[in-house]
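Reader: I would like a close look at one part of this model, the place where its two parts meet. Please take it slowly.

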Amino acid sequence: MTTPLVEMRNMSISFGGIKAVDDVSVDLHPGEVVGLLGHNGAGKSTLIKMLSGAYGPDAGEIYINGERATITNPRDARSYNIETIYQTLALADNLDAASNLFLGRELVTPLGLVNDSAMEAETRKIMARLNPNFQKFNAPVSALSGGQRQSVAIARAVYFNARILIMDEPTAALGPQETQMVAELIKKLKADGIGIFLIDHDVHAVLDLCDRASVMKNGKLVGTVNTKDVTDDDLLSMIILGKNPNDAAA
């Protein structure tokens with residue numbers, strides 16, 4: 001096996017005396033999608049926020065490419081090529097795709113002016129790779145469909161060298177066609193060797209898109225399974241009953 005891109009070992013964090021994440025270990029390899037499943041409040045988003053730098057853990061260690069990482073804020077996470085795409089997408093609705101792609105990291109001319117044409121050219125280049133059907137380069141992102149907005153957010157992460165991508169329910173508000181579009185994007189990212197943590201409620205989406213699934217319940221890890229070895233019923237029983245199918249023989 002290759003060295004994991006990410007190892008989170010024995011992660012714990014409490015809020016107001018309640019353990020939101022309790023001694024959880026997960027890992028992620030290059031070109032792999034690991035789904036994180038569980039009810040609201042299971043701890044999956046909290047676990048990932050410790051990787052993205054939003055929360056500092058009470059205990060536990062994070063390793064990136066086999067080396068101990070110090071992640072105390074989102075800037076630290078970015079320095080390890082970790083990017084997060086939240087459900088809200090954090091896009092500026094009134095700006096076009098290129099302005100969103102380079103928001104806060106604008107390309108400038110030798111005179112220090114924002115170089116709109118260079119930014120659009122770079123955006124066209126990366127979109128040609130990720131989503132060749134994307135055409136609305138000059139429209140504000142508020143005019144784009146959900147799937148197109150996702151592709152702008154993903155393009156921004158990938159353009160700035162994300163190797164580890166955290167996606168929070170990327171298909172939650174999308175119809176079947178758009179969901180398929182995001183699935184294609186995820187496959188392209190995998191082929192590029194990017195590792196993806198996919199937080200989702202949808203068991204079917206996880207079975208379709210993920211290589212492995214880690215299920216959490218009440219802040220603890222129920223278990224991690226290969227998706228090709230389990231059914232949706234297996235995953236549901238992990239989520240609802242906290243029962244690991246690998247323990248069935250025990």
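Reader: Which residue forms a salt bridge with R129, and how far apart are the closest N and O atoms?

Author: The salt-bridge partner of R129 is D192, and their closest N and O atoms are 2.9 Å apart. A salt bridge here is a side-chain nitrogen of Lys or Arg within 4 Å of a carboxyl oxygen of Asp or Glu. This is a predicted model, in which local features need pLDDT of at least 70 and side-chain atom pairs count only at pLDDT 80 or more, while totals for chains, interfaces and linings use all residues. Residues are numbered from 1 along each chain as its sequence is written, and side-chain values use heavy atoms, with hydrogens and water left out.

Now the two parts. The chain is divided into domain 1 (6–81 + 161–249) and domain 2 (91–159); such bounds come from an automatic or database domain assignment. Taken over C-alpha atoms, the domain centres lie 27 Å apart.

The size of an interface is often given as the accessible area lost when the parts come together. Domain 1 and domain 2 bury about 1200 Å² between them, and 62% of that is on carbon and sulfur atoms. This buried area is the accessible area (1.4 Å probe) that two parts lose on being put together, summed over both. On the side of domain 1, M181, L185 and K188 lose the most area to domain 2, together 36% of what that side buries.

Across this interface the rule finds 1 salt bridge. It also finds 9 residue pairs in polar contact, both residues at pLDDT 80 or more. A polar contact is a pair of N or O atoms within 3.5 Å; within protein, one must be able to donate a hydrogen and the other to accept it, and residues adjacent in sequence count only if both atoms are side-chain atoms.

Helices (H or I, at least four residues) and strands (E, at least two) are DSSP runs, numbered from the N terminus.

Of the 14 residues of α5, 12 are buried, meaning under 20% relative accessible area (1.4 Å probe, protein chains only). After α5 comes N161, with a positive phi near 65°.

Notes
Buried < 20%, exposed > 50% of the residue type's maximum accessible area, 1.4 Å probe, protein only.
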